[in-house]
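This briefing concerns the chain shown below.

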Amino acid sequence: MENNKETKYNKLITVVSIAIPVVVALLFGINLRKMGFDVEPLSFLPPIYATINGFTAVLLVAAVIAIKNGNRKLHENLMKTAIACSVAFLGMYVAYHMTSDSTKFGGEGLIKYVYYFILITHIVLSVIIIPLVLTTYVKAWSQQFDKHKKIAKITFPIWLYVAVTGVIVYLMISPYYAH
């Protein structure tokens, strides 16, 4: 019975982990203004979703501290909030890109390569983190704490990297946003 439940969740995790990046990629390619819709660019969103990324990083660190101190309920609440922040970030990110033109990074020389390295690793790992977060969450939710702890040791640093680099990418490209 437990194996059937785990198989069901693994299938759901796989579907969601594929669907999110595909839907984001498709929506990223849609610009409502270029399609003739009279929508204002949501140019106020990047600093908000960058802040949410920063807040997510703080929540992740606080959650690790909470569990190391034996406070499982606080850990659980912090992790649920981190997941909610990531979902909010994703919604705002897509909304911004559906209403605004993409901003080109204007830096030159070494900083340009640093920016693109951070951006590319951020994007790749943001796709990889989806099934890791979902699997880690399901293991805790199903009270498989030994398996949860094992995968959380992989999930945590990747998710933290994605959250922190999201802020760094924003800070590096923000001088080039159209005002």
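Of the contacts (heavy atoms within 4.5 Å) in the chain between residues at least 6 apart in sequence, 79% join residues at least 24 apart. The model is predicted: local features need pLDDT of at least 70, side-chain atom pairs count only at pLDDT 80 or more, and totals for chains, interfaces and linings use all residues. Residues are numbered from 1 along each chain as its sequence is written, and side-chain values use heavy atoms, with hydrogens and water left out.

**Overall fold**
- The chain has five helices and zero strands (DSSP runs, helices being H or I of at least four residues and strands E of at least two, numbered from the N terminus).
- Along its principal axes, the C-alpha trace spans about 55 × 35 × 25 Å.
- Buried residues (under 20% relative accessible area, 1.4 Å probe, protein chains only) account for 35% of the 179 residues.

**Packing of H2 and H5**
- Helices H2 (residues 45–68) and H5 (residues 145–173) pack at about 150 degrees, with axes 8 Å apart (lines fitted to C-alpha atoms over the stretch in contact, with angles from 0 to 180 degrees between N-to-C directions).
- H2 is therefore roughly antiparallel to H5 (an angle over 145 degrees).
- Contributors to the contact include Pro 46, Ala 50 and Leu 60 of H2 and Phe 156, Trp 159 and Tyr 170 of H5.

**Ser 102**
- Ser 102 lies in the loop between helix H3 (72–99) and helix H4 (110–141).
- With a relative accessible area of 43%, Ser 102 is partly exposed (between 20% and 50%).
- Beyond neighbours within four places in sequence, Ser 102 contacts Phe 28 and His 97.
- The C-alpha atoms of Ser 102 and Ala 178 are separated by 9.8 Å, although 76 residues apart along the chain.

Technical notes
Angles under 35 degrees count as roughly parallel, over 145 as roughly antiparallel, 65 to 115 as roughly perpendicular and the rest as oblique.
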